[in-house]
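Have a look at the fold below and let your eye follow the chain. We will go through the helices and then turn to the sheet.

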Amino acid sequence: MTVDLTASFVMTLPPGWVRLPARPEAADHLAHELDAIVAAALPDDLPRDSAEPLRRQFRRQLARTVGEAGEAGATAVYLPGRPVDGYTLPASLTEAEVDDESDAEPVEVIARLLVDAGQLDGGLRDVDGAAAARTEDVLTNDEPEGSWERVWTRRVVYTISVPHRPGRWLVLNFSAVYGDEPSERLAAALVQLFDALVTTFRWIDVPGAEPGDLETRLAEVDA
């Protein structure tokens, strides 16, 4: 289902992370961001014969990731845009907006989400004054036990009620992939990082709420 964007917000991102829009009307912006990511990962001073095929492959992979997320309903994908000491963090974040056509109050919807996830204790959160559910699970792929290709994904989802748009929800879906004990510890640290980032979340342009301007809201994040 396609929805008009109404959940205006800001959130601090780690250095090097980028937001890639997944809606078709943002294709030009996405292309610019992809060019910047590829240029940072494979700069022009590399040998053209060997680097150019890698650039095309990397760009296609990024575009496919964002495209698939958009087809699944995401409005944006957040990725680490620059390697750290040659290593790209195995994590991503998707942003989506959905409508709830029922007349249920946000706390009722959240309670159902938490009961279904078996995480009623501690899952109710306040995100800049909005009721939210935090759920977490671990997924694995279909590779056989013991295979080097077998990986797990630690997923944390914040389902946040949009306070100024009844029935509208913002969903932030964070994933960290791991395949062994050291990378599992890294995934756990990345989850902690994501939870910390959510504490910087601020709504902007909220009708009837003060302060509502972006500059003041950003000042709150910095504080």
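Helices (H or I, at least four residues) and strands (E, at least two) are DSSP runs, numbered from the N terminus. This is a predicted model, in which local features need pLDDT of at least 70 and side-chain atom pairs count only at pLDDT 80 or more, while totals for chains, interfaces and linings use all residues. Residues are numbered from 1 along each chain as its sequence is written, and side-chain values use heavy atoms, leaving out hydrogens and water.

Which residues of helix 2 are buried? They are A51, R55, L62, V66 and A69. Buried here means under 20% relative accessible area, exposed means over 50%, and partly exposed lies in between (1.4 Å probe, protein chains only). These buried residues pack against strand 2, helix 1 and strand 3, where contact means heavy atoms within 4.5 Å. After helix 2 comes G73, with a positive phi near 110°.

Now move to helix 1, residues 27–41, where L30, E33, L34, I37 and V38 are buried. They cover an arc of only 135° around the axis, so they sit on the same side of helix 1; the arc is that of the directions from the helix axis to the C-beta atoms. An α-helix has 3.6 residues a turn, so residues three or four places apart point the same way. On the other side of helix 1, D28 and H32 are exposed. The buried residues of helix 1 pack against strand 2 and helix 2.

The C-alpha atoms of F194 and L93 are separated by 9.0 Å, although the two residues are 101 residues apart along the chain. Not counting residues up to four places away in sequence, F194 touches L93, V156, Y158, L172 and F174. Its relative accessibility is 1%, so F194 counts as buried.
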